[in-house]
Amino acid sequence: MEDVLFVCRSNIGRSQVAMELYNRLNSKLAESAGTLVDSPGQKVGEWEGSAVVVQVMKEDYGIDISGNQRRQLDKQMLVNFGGKVIVMAEMEAVPPYLLGHGEREFWEVPDLKDQDAASSRAIIKNIQERIERLHNGHR
């Protein structure tokens with residue numbers, strides 16, 4: 001399996017979830033970042049809107065993402081990164097330098113921000129299914 005960088009807007013929900021689910025299957029080959037991170041280095045669990053995502057990941061998957069640090073995507077990160085980049089951020093939040101990155105793929109996944117537990121579970125299940133297809137070599 002190849003290294004994967006998962007990118008969403010704030011690096012709180014979608015990219016963190018995808019990274020953890022991918023790493024569960026692939027020995028820590030994934031990283032995550034956000035295109036518009038307001039507090040780089042902040043732990044996911046410290047952000048007030050993360051409680052539902054943290055809870056669902058812990059209850060349904062046994063994964064605690066509360067201590068994961070948020071990272072801001074930058075050009076150098078892409079230069080240093082040799083694998084695939086999967087973007088789940090909305091197009092208006094995607095910087096031009098990311099659009100030109102060769103090994104990128106876009107996934108349309110709703111934002112987990114302000115979702116209730118049932119909606120969060122459905123979105124995370126969608127991410128899990130995509131991760132499993134990616135792991136098995138399908139897109």
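Reply: Helix pairs are sorted here by the angle between their N-to-C directions: under 35 degrees counts as roughly parallel, over 145 as roughly antiparallel, 65 to 115 as roughly perpendicular, and the rest as oblique. The model is a predicted one.

Start with helix α1 (residues 14-26) and helix α5 (residues 117-135). Their axes come within 10 Å and cross at roughly 40°. The two helices are therefore oblique to each other, and the crossing of α1 and α5 is right-handed. On the α1 side the contact involves R14, V17, A18, L21, Y22, L25 and N26. These meet I124, I127, Q128, I131, E132, L134 and H135 of α5.

Helix α1 also packs against helix α2, which spans residues 51-61. The axes of α1 and α2 come within 12 Å, with a crossing angle of roughly 20°. Because of that angle, α1 runs roughly parallel to α2. The crossing of this pair is right-handed. From α1, the residues in contact are V17, E20, L21 and R24; from α2, they are V53, M57 and Y61.

The remaining pair to describe is α2 and α5. Their axes come within 10 Å and cross at roughly 60°, and α2 passes α5 in a right-handed crossing. V52, V56, M57, E59, D60 and Y61 of α2 take part, and their partners in α5 are A117, S120, R121, I124, K125 and Q128.

The side chains of R9 and E90 form a salt bridge, with 2.9 Å from N to O. R9 sits in the loop between β1 (4-8) and α1, and E90 in the loop between β3 and α4, so the pair ties together parts that are 81 residues apart in sequence. In total, the model has nine salt bridges.

The loop that holds E90 also holds M91, between β3 (84-87) and α4 (96-99).

Conventions:
Residues numbered from 1 in each chain as written. Predicted model: local features only at pLDDT ≥ 70, side-chain atom pairs only at ≥ 80, totals over all residues. Heavy atoms only, no water. Helix = DSSP H or I, 4+ residues; strand = E, 2+ residues; numbered from the N terminus. Axes fitted to C-alpha atoms, helices over the stretch in contact; angles between N-to-C directions. Left-handed = near helix turned anticlockwise from the far one by under 90°. Contact = heavy atoms within 4.5 Å. Salt bridge = Lys/Arg side-chain N within 4 Å of Asp/Glu carboxyl O.
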